[in-house]
Every structure is written in structure tokens, then in C-alpha cells.
Amino acid sequence: MLDDRIYTFLKLCEIMNYRKTAELLNMTQPAVTQHIHHLESLYRVKLFSYNGKTLSKTPEGCRLEEYARSVVYNEKLFQQQLLKRDQIDLSIGATKTIGDFVIQDIVEFCTKSEDIRFELSIDNTHNLLRRLNALELDFLILEGYFNKEHYDSRLLREEELVGICSPDHPFAHREIPLKDIFREHIIMRESGSGTRAVFERFLEEKNYSYQNFRQSTVISSFHMIRHLVALGLGISFAYQSVSDAAPNLAVFRIQGETISHEFNYVFLKDSAAIQRFEWLMEQIHGSKS
């Protein structure tokens, strides 16, 4: 069993406030402080520091957090194995494009399997990484950006980001000069979504932003965005798999540019989730042969 002080440390890493951490753990604030001081003495490093009233993790604190998360996750799986349960609990997080259009084979297999108690959470990249760090999910499937130094990953595939519009739009099935898109109404995903981050980074590289568009609307639902774009109320950018699933939309591209990005499986670093993922892939491939 892991030392309770590790759980206190991880909760403080998540909340970054001694008082609120104490309240959530039903502890006194001095007890939280004592737990952290014990770990600092044990490892002979400073784990947190204050800049004014702002609490931050030291580089050593970040390294311990990364390691401790994996250890806690691995212990949870070990406990499940000791119980020799007939079913495997599997919780996966996926970004909206991937969850809605890419991973049907995984979802179908897990739903049909009597050996798996399955949960799929579809959300934006920011929220999914937070839940992975909180040990609420086994692994993620992301199209968004994440720090590969802090997580383990496996490439699913690369996919192109394309413009989408109504079939009657002047852009339909054409290559458009970059400057022309800014005369349009852009309907975009919410901040924190992978699709938005990829397109924002492309715009930044060209010294533009969403502020350059004539009009902009933010909607978190891909289905609603596709509906509005099909009605000719604006344009948007989505992965090729999204446009392929919408025959009432047309695709356009920006002249001289190819915008593509990786889809990745993402795991806590050095965690046993990779073995669980590899087992799942073997089962899925075996069911197809």
C-alpha cells in the first residue's frame, strides 16, 4: 500500500492550494503541510515554492508528480488483478472528432465484450488530460497537443485538416488564397479543443488569428457546426474523417498549404496502461481475423 502522503501530494498538485486540499481530504492545513515536508525531507528536494501568494511546483515536484501518478495507477491495476475479477474495468477518453468518427471499432468491441466493463468519455483535450492526471481514465485518444516529454504515446495516424463549407459556397471543391478566408464567418470549436488548437497554431505561423475573420462563432458541438455550415451560415475547419462523414458538405483547401496533425493514444508515463492498451489491440485484431 502506498504512503498516504503521496496521495496528499498528488491532490495538492491538482488543486495547488493548501487550504482547499485540506478541505477535500478532510485534513487540517498543518497536516497537509507536514505531509509535504516529510516528502521533501525524504527526497531532499523542494517540491513547491511561492512566488508572492502564487503556489507553483518546482521542477523536482513536477518529476515526482509524474512518477507518483504512474505508481498509484499501477497499484490500482495490481489490486484489480489480485481480486481476479472476471471483468476488466476500462475507461477511455477521446476527443470529439476521434470519439465521433474514428474509433468505432474499439467502441463496438468493448461494448460487445462480456469481459470488459467499458466507459468512454468524449471531451476536449484540456479536460481529458486533467482526468488522465487525476487517474480517472486509463488512456486517451487525442487529436490535440500534449507534452510528449510528460506522457507516453503511440501514433494512431496522421490526418489532414480541411476547410468545410456548403456545396453552394464559392469555396466548394477549390483551393483558396489564405487571405480570402478572412472575409468569411468562421464557426469554430471551443478553446481547449484539439481541432481549434491545430488551426490556431497554423494561423499563428502565418501571423493571423481568429480575430482576422469577418465574424466568428464558437460552438462545442461538431454536429451543430456541420449543420450550420451545410446551411451556408459560415465555414469551418475539420479533419478529413469529419468531412467524409458529411455528404451535405463540401471541402476546400488553402492554396499551397497542407494542415495535418497526429492522432495519438496517450498514457501516463511508465504506467501499466500501455500493457492494457496492447492487450485490447490484440483482442480487437484477433476478433477481425
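The model is predicted, so local features need pLDDT of at least 70 and side-chain atom pairs count only at pLDDT 80 or more, while totals for chains, interfaces and linings use all residues. Residues are numbered from 1 along each chain as its sequence is written, and side-chain values use heavy atoms, with hydrogens and water left out.

The chain has 289 residues, of which 48% count as buried. Buried means under 20% relative accessible area, exposed over 50%, and partly exposed in between (1.4 Å probe, protein chains only). The secondary structure comes to 11 helices and 12 strands. These are DSSP runs numbered from the N terminus: H or I of at least four residues for helices, E of at least two for strands. Along the principal axes, the C-alpha atoms fill a box of roughly 65 × 55 × 30 Å.

The largest pocket has a volume of about 580 Å³. A pocket is an open set of points on a 1 Å grid over the protein atoms alone, where a 1.4 Å probe fits, with protein on both sides within 12 Å along at least five of seven lines. Grid points are joined across faces, edges and corners, and the volume is the space filled by probe spheres set on the points. The lining comprises 22 residues; lining residues have an atom within 4 Å of a point. C13, E65, R69, N133 and A134 lie nearest the pocket centre. Helices α1 (4-15), α4 (59-83) and α7 (125-133) each supply at least two lining residues. The largest share, seven residues, comes from α4. By class, the lining has nine nonpolar, three polar and 10 charged residues. Here Ala, Val, Leu, Ile, Met, Phe, Trp, Tyr, Cys and Pro count as nonpolar, Asp, Glu, Lys and Arg as charged, and the others, Gly among them, as polar.

Rings of Phe, Tyr and Trp (its six-membered ring) pair if their centres lie within 6.5 Å; planes under 30 degrees apart count as stacked, over 60 as edge-to-face and the rest as tilted. The ring centres of Y239 and F263 are 4.9 Å apart and the planes stand at 80 degrees, so this pair is edge-to-face. Y239 lies in strand β10 (residues 236-239) and F263 in strand β12 (residues 259-268), so the pair ties together parts that are 24 residues apart in sequence. Both Y239 and F263 are buried. One aromatic cluster is formed by F171, F182, F199, F202, Y208, Y210, F213, F237 and F252.

Two arginines lie over ring faces: R189 over F222, at 4.9 Å from the ring centre, and R201 over Y145, at 3.7 Å. The criterion is NZ of Lys or CZ of Arg within 6 Å of the ring centre and within 35 degrees of the ring normal.

Most residues other than glycine have a negative phi. L135 has a positive phi of about 65 degrees. L135 sits in the loop between α7 and β5 (139-142) and is buried, at 17% relative accessible area. Phi of N207 is also positive, near 65 degrees. N207 lies in the loop between α8 (194-205) and β9 (215-218) and is exposed, at 72% relative accessibility.

The structure holds zero disulfides, defined as pairs of cysteine sulfur atoms within 2.5 Å. The sulfur of C13 is 7.5 Å from the closest cysteine sulfur, in C62, too far for a bond. C13 is buried at 4% relative accessibility, and C110 is buried at 1%.
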